[in-house]
Amino acid sequence: MTNKLHQTKFWKNYHLYTKMVAKCSMRYTVDAYLYFTIMKKYQYKNILEIGFFEGQTCGLLLESSDAHITCIDPWPETKLFDQLYKDSQDRVDLHIIKSQDFNFKNYDFIIVDGDKDFEPVSQDLQQSINALDPAGMLLINEYQKPSVMQAIEEFVLPAKMVPFLKSDQTLFFHRLTVDRGDFLDFELPNLANNFIRFENIESWGHTILNAHTLPIFSDRLDFFDLALKEFDL
Ligand SMILES: C[S@@+](CC[C@H](N)C(=O)[O-])C[C@H]1O[C@@H](n2cnc3c(N)ncnc32)[C@H](O)[C@@H]1O
């Protein structure tokens, strides 16, 4: 397990992954900080990731925990992942099928990042809620897309899942019985508030911590790198 985000293979090889927006790859810089910090804190053991692509997030999770990770993707690109993470492959099961054909088991941390059309994402979300441990976390990617937002409003909120954290790419949920107050109010913002802006927003009757970074930290990776090193995160 690696202690600091700036020391991970994930971050050192970040520039090699396919670009999405500006210089950011599949996992945006602010999201990477949140995922890494959450995994270090809660040490989830049994993760499901729907949508593996190049395995960038899977690698980050491997480096921040000793979890077992189940991934599903009918069209993965494994070359870079195989090079970087060959020593940890015993902790990963990659199923090369559609998530709609996958037999869900039980998980304590689920990332929904596969097909974003309304029907498949709705099915992924319903299966994920049924498969999530009581203390688990559900992470929904590209929640801004109308199809994903509609599925959240039809299937996630009525299942009494609570949105509690939001970043550029991910909306995070836990169950009603879980309290993450101290973590959200103090621990998470603590050091990173020098370059990530944290503010509470109200949505659907819930208070959600919104984590947002200035464009310079996604346009210029050397600036984000400097920030991580300066604050030793
Ligand atoms: C945004 S990428 C995933 C990125 C990855 N989660 C990461 O952070 O590194 C979306 C992936 O979903 C996969 N996908 C598309 N339809 C799918 C389905 N029905 N079931 C599972 N994965 C699917 C695509 O092949 C693509 O690789």
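Helices (H or I, at least four residues) and strands (E, at least two) are DSSP runs, numbered from the N terminus. Axes are lines fitted to C-alpha atoms, for helices over the stretch in contact, and angles run from 0 to 180 degrees between N-to-C directions.

The model is predicted: local features need pLDDT of at least 70, side-chain atom pairs count only at pLDDT 80 or more, and totals for chains, interfaces and linings use all residues. Residue numbers start from 1 along each chain as its sequence is written.

Entry 1, helices on the sheet. I looked up helix H3 (residues 56-64) and found that H3 lies across E3 (46-50), E4 (68-72), E5 and E6 (107-112), at about 175° to E4. I then turned to helix H5 (residues 118-131), which packs on the sheet and touches E3, E6, E7 and E8 (161-166). The direction of H5 makes about 170° with that of E6.

Entry 2, the sheet. I traced an open, mixed sheet of 9 strands in the order E5-E4-E3-E6-E7-E9-E8-E11-E10; strands pair if DSSP finds at least two bridges between them. E5 (92-95) and E10 (196-203) are at the edges with a single partner strand each, so one side of each has no neighbour in the sheet.

I noted 5 bridges in the parallel sense between E3 and E4, with isoleucine 47 partnered by isoleucine 69 in E4. E3 also pairs with E6 in the parallel sense, over 4 bridges; there, leucine 48 has isoleucine 110 as its bridge partner.

Note on methods
Contact = placed C-beta atoms within 7 Å.
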